[in-house]
Amino acid sequence: MNDFVLQVPTKIYFGKDQLKHLPEEVLQYGKKALLVYGGGSIKKIGLYDKVVKLLEDAGITIYELAGVEPNPRHTTVNKGAAICKENNIDFIVAVGGGSVIDCAKAIAGVVKSDTDDVWDFVEKKCDITGALPLFVILTISATGSEMDKWSVISNEDINAKRGLGSEFFFPKASFLNPEFTYSVSPYQTAAGSVDIMAHIIDNYYFTKNPAMEMIHNIQEEVMRTVVKYAPIALKEPDNYEARANLMWASTWALNDYLKAGVSMHTSNHSMEHPLSAYYDMTHGHGLAILIPRWLEYVMQKDPETIPIVARFGRNVFNVDQNLSDEEAGKKTVEVVSDFYFNTLGLPGKLSDLGVDETHFKEMAKKAMKGDSIQGFIELDEEDVINIYKMCL
Ligand code: NZQ
Ligand code: ZN
């Protein structure tokens, strides 16, 4: 068990009637807002009008960056930062999912640092030395970006997708109304649900040096919550309890409460980001295809992992307690695949998404953190290529 520090400064407003507090939060920082949003879903659900009215009634002038792409591009970030600099924007309001929030975080950082190009942060040409205050109105349960310090940005010119982390990126306040997620499509609901689980799987749960048992048990509870409520949200998109449980699970999965000192590379996320970068894949879908194959691979390569995989199957997916660890490990791969590909309905192979072996070598190189990925087990380039091939 490692020592750790926990400081998460984001204030959360959770529930149906909380958005009215937006003006009082933002007015502490000024009267000029950049409103950042995606491809238009917020207009269809009437949320855009609501937010604009709230801000305008409070005397706030609104500038806009619309059309942030899923897997947000560095060029879009730079465009947003230019709007902020030209107009002396005081704060940013991001309305959307992980892509919109991540784009807004990166814009906030560029505005307060010594560059006009977010990719300078990635290439370490410039440090993130500050950020504009950021407020989030979340519309999809998935990434946890609403309460974390991460921003993931893509650069299409060089097929790269990279995470930037900064203490300056924590939103000042995030508004979480499960009703805003009623309109999320079954596909995005499924992909988001996989992503929530993947944050626990990748960051803390699958390790030979777990956090204290209390936290390990809570990690399992959050994953069980997804297994229970994602199918309900698919059948009944406007089931408040299901959407609320998924939303809070998404926030908890990556807000550091469940980390408790565990420190390692994320295996599946490191392998997924190159998939998104080369094929513009939906993040959670890429993870769904990778995770069962990765579990299979690590158990083959390192038998010490088998009891840990077996515990996951038993405690999260109700795998029969009477099976041996070996049998339970195998069964776990089956039930996880069944959950992702049948219950949640995500196509289960990379070839279903038009992926072949062409870029596997370059992608495996890009997945490396140095010479390997130091996750549950250490993976080198060859291991990653093998796992990609198993996913075809
Ligand atoms: O663009 P709009 O029209 O808003 O549509 C979006 C988009 O097409 C739609 N959507 C969102 N809310 C909706 C809705 N459609 C109907 N009703 C609503 N209420 O869903 C689609 C996907 O949106 P996106 O924001 O891309 O989804 P998600 O939240 O899964 O974010 C994915 C991005 O976050 C990164 C991923 O790599 C990816 O780029 N991640 C960010 C992390 C972080 N900041 O901590 C960690 C994650 O591991 C992840 O890497
Ligand atoms: Zn993720």
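Predicted model: local features only at pLDDT ≥ 70, side-chain atom pairs only at ≥ 80, totals over all residues.
**View 1. Four residues hold the zinc ion (ligand 2).** The ion is coordinated by D195 through OD, and by H199, H269 and H283 through NE2, at 2.0 to 2.2 Å. Donors here are N, O and S atoms within 2.8 Å of the metal (3.2 Å for Na, K and Ca); water is not among the atoms, so sites may look incomplete. Along the chain, the donors follow the spacing D-x3-H-x69-H-x13-H. One pair links distant parts of the chain: H199 in helix α7 (residues 186–205) and H269 in helix α10, 70 residues apart. Helices (H or I, at least four residues) and strands (E, at least two) are DSSP runs, numbered from the N terminus.

**View 2. A closer look at H199 in helix α7.** Is H199 buried or exposed? H199 counts as buried because its relative accessibility is 3%; buried means under 20% relative accessible area, exposed over 50%, and partly exposed in between (1.4 Å probe, protein chains only). H269 is buried too. The side chains of H199 and H269 make a polar contact at 3.1 Å. That term stands for a pair of N or O atoms within 3.5 Å; within protein, one must be able to donate a hydrogen and the other to accept it, and residues adjacent in sequence count only if both atoms are side-chain atoms. Not counting residues up to four places away in sequence, H199 touches A142, T143, Y204, A253, L254, H269 and H283, where contact means heavy atoms within 4.5 Å.

**View 3. D195 is another residue of helix α7.** With a relative accessible area of 2%, D195 is buried. What does D195 touch, if residues up to four places away in sequence are not counted? The list is A142, T143, H269, H283, G284 and L287. The side chains of D195 and H283 are joined by a polar contact of 3.0 Å.

**View 4. The largest cavity has a volume of about 70 Å³.** On a 1 Å grid over the protein atoms alone, a cavity is a set of points where a 1.4 Å probe fits but cannot get out, and a pocket is an open set with protein on both sides within 12 Å along at least five of seven lines; lining residues have an atom within 4 Å of a point. Grid points are joined across faces, edges and corners, and a volume is the space filled by probe spheres set on the points. The elements giving two or more residues to this lining are α7 and α9 (240–254). Helix α7 gives the most, with 4 residues. The lining of the largest cavity divides into 3 nonpolar, 6 polar and 1 charged. In these classes, Ala, Val, Leu, Ile, Met, Phe, Trp, Tyr, Cys and Pro count as nonpolar, Asp, Glu, Lys and Arg as charged, and the others, Gly among them, as polar.

**View 5. The second largest cavity holds about 40 Å³ of space.** Its lining is made of M147, D148, K149, W150, F170, N255 and D256. By class, that gives 3 nonpolar, 1 polar and 3 charged residues.

**View 6. Helix α13 (residues 325–343) and its buried residues.** Among them are A328, G329, T332 and V333. These buried residues of α13 pack against α7, α8 (213–235), α11 and α12 (306–317). After α13 comes G345, with a positive phi near 75°.

**View 7. L350 and helix α15 (residues 381–390).** L350 counts as buried, at 0% relative accessibility. Leaving aside neighbours within four places in sequence, L350 is in contact with L275, M281, I289, V355, F360, Y388, C391 and L392. Y388 is one of the buried residues of α15. At the start of α15, a side-chain oxygen of D380 reaches to within 3.1 Å of the backbone nitrogen of E382.

Technical notes
Residues numbered from 1 in each chain as written. Chains lettered and ligands numbered in written order. Heavy atoms only, no water.
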